[in-house]
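Dear colleague,

Here is the structure I promised to hand over, together with its sequence.

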Amino acid sequence: MSKSLEAPLEALVPFATTLHVRDHCLCLHVQRAARALARLFDEALRPVDLTNQQFSLLMSLNRPEPPPIGPVANLLGMDRTTLTAALKPLERRGLVDVMPNEKDRRSRLLAITPEGIALLARAMPIWRRTHDAVDARLVDVVEPTRLRQALLAVS
C-alpha cells in the first residue's frame, strides 16, 4: 500500500474541507443558481411550449442575417454537437430552418422562421415578467447589472 493511503481516508480530505468547498465554490453556486433559473424559466415558458434553452436558441437566431452554427454555439456556450441536437425539435416544429451556406458548402446557416418569430413574440412578455421578478429578488443582494457583468467576466 502506498504511504498516502496508509492514513485514514478521512484525513486525506477532511469533512471541514467539504464544508469549505460547499460554502466557497463559485462553480457549485453558479451551477445551482443556473439550474434554479432554468427551472423557473422552463415553468414560465411552458404555456408557449418552449424551454428556456429553446427560447435562448430562437432569440440567438433573431438577427438580420442567418448565422452559421459556430457563432451561435459560442454565444450559447454549447458545443456544435449539442446545438445540432437542440435544433432538431425546433426544426421539426417549423420554427428554425437549417440550410447550406452558399459561401461555404461545408457549413450550415440557421434561420428563424416566421413561425419562430411569432412564437418569440408570444414568449417575450413571459420572459420580461419572469426576468423582472428575478431582478427584483436580486436587487437587495446585488445590483443585477453588476452580477451580469461579473458572470460575463468568467464566461
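About 1,900 Å³ of space lies in the largest pocket of this model, which, please keep in mind, is a predicted one. The lining of this pocket is made up of 37 residues, and those closest to its centre are Ala 33, Ala 34, Leu 37, Arg 148 and Leu 151. The largest share comes from α3, which supplies 11 residues. Sorted by class, the lining holds 25 nonpolar, 9 polar and 3 charged residues.

Helix α3 also has a neighbour that deserves a look. Two packed helices are described by the angle between their axes and the distance between the axes. Here the axes of helix α2 (residues 15-24) and helix α3 (residues 26-45) come within 6 Å of each other and cross at roughly 50 degrees, which means that α2 is oblique to α3. On the α2 side the residues that take part are Val 21, Arg 22, Asp 23 and His 24, and in α3 they meet Leu 26, Leu 28 and His 29. Taken by class, this contact of α2 with α3 has 3 nonpolar, 2 polar and 2 charged residues.

Turning to α4, its buried residues are Gln 54, Phe 55, Leu 57, Leu 58, Ser 60 and Leu 61, and what covers them includes α3, α5, α6 (80-92), β1 (96-101), β2 and α7. Leu 57, which is found in helix α4, counts as buried because its relative accessibility is 1%, while the cut-off for buried is under 20%. If residues up to four places away in sequence are left aside, Leu 57 touches Leu 76, Leu 83, Ala 86, Leu 87 and Leu 90. Leu 57 and Lys 103, by contrast, are 46 residues apart in sequence and 23 Å apart in space, taken from C-alpha to C-alpha.

With best wishes

Technical notes: Residues are numbered from 1 along each chain as its sequence is written. This is a predicted model: local features need pLDDT of at least 70, side-chain atom pairs count only at pLDDT 80 or more; totals for chains, interfaces and linings use all residues. Side-chain values use heavy atoms; hydrogens and water are left out. Axes are lines fitted to C-alpha atoms, for helices over the stretch in contact, and angles run from 0 to 180 degrees between N-to-C directions. Helices (H or I, at least four residues) and strands (E, at least two) are DSSP runs, numbered from the N terminus. Angles under 35 degrees count as roughly parallel, over 145 as roughly antiparallel, 65 to 115 as roughly perpendicular and the rest as oblique. Contact means heavy atoms within 4.5 Å. Ala, Val, Leu, Ile, Met, Phe, Trp, Tyr, Cys and Pro count as nonpolar, Asp, Glu, Lys and Arg as charged, and the others, Gly among them, as polar. On a 1 Å grid over the protein atoms alone, a cavity is a set of points where a 1.4 Å probe fits but cannot get out, and a pocket is an open set with protein on both sides within 12 Å along at least five of seven lines; lining residues have an atom within 4 Å of a point. Grid points are joined across faces, edges and corners, and a volume is the space filled by probe spheres set on the points. Buried means under 20% relative accessible area, exposed over 50%, partly exposed in between (1.4 Å probe, protein chains only).
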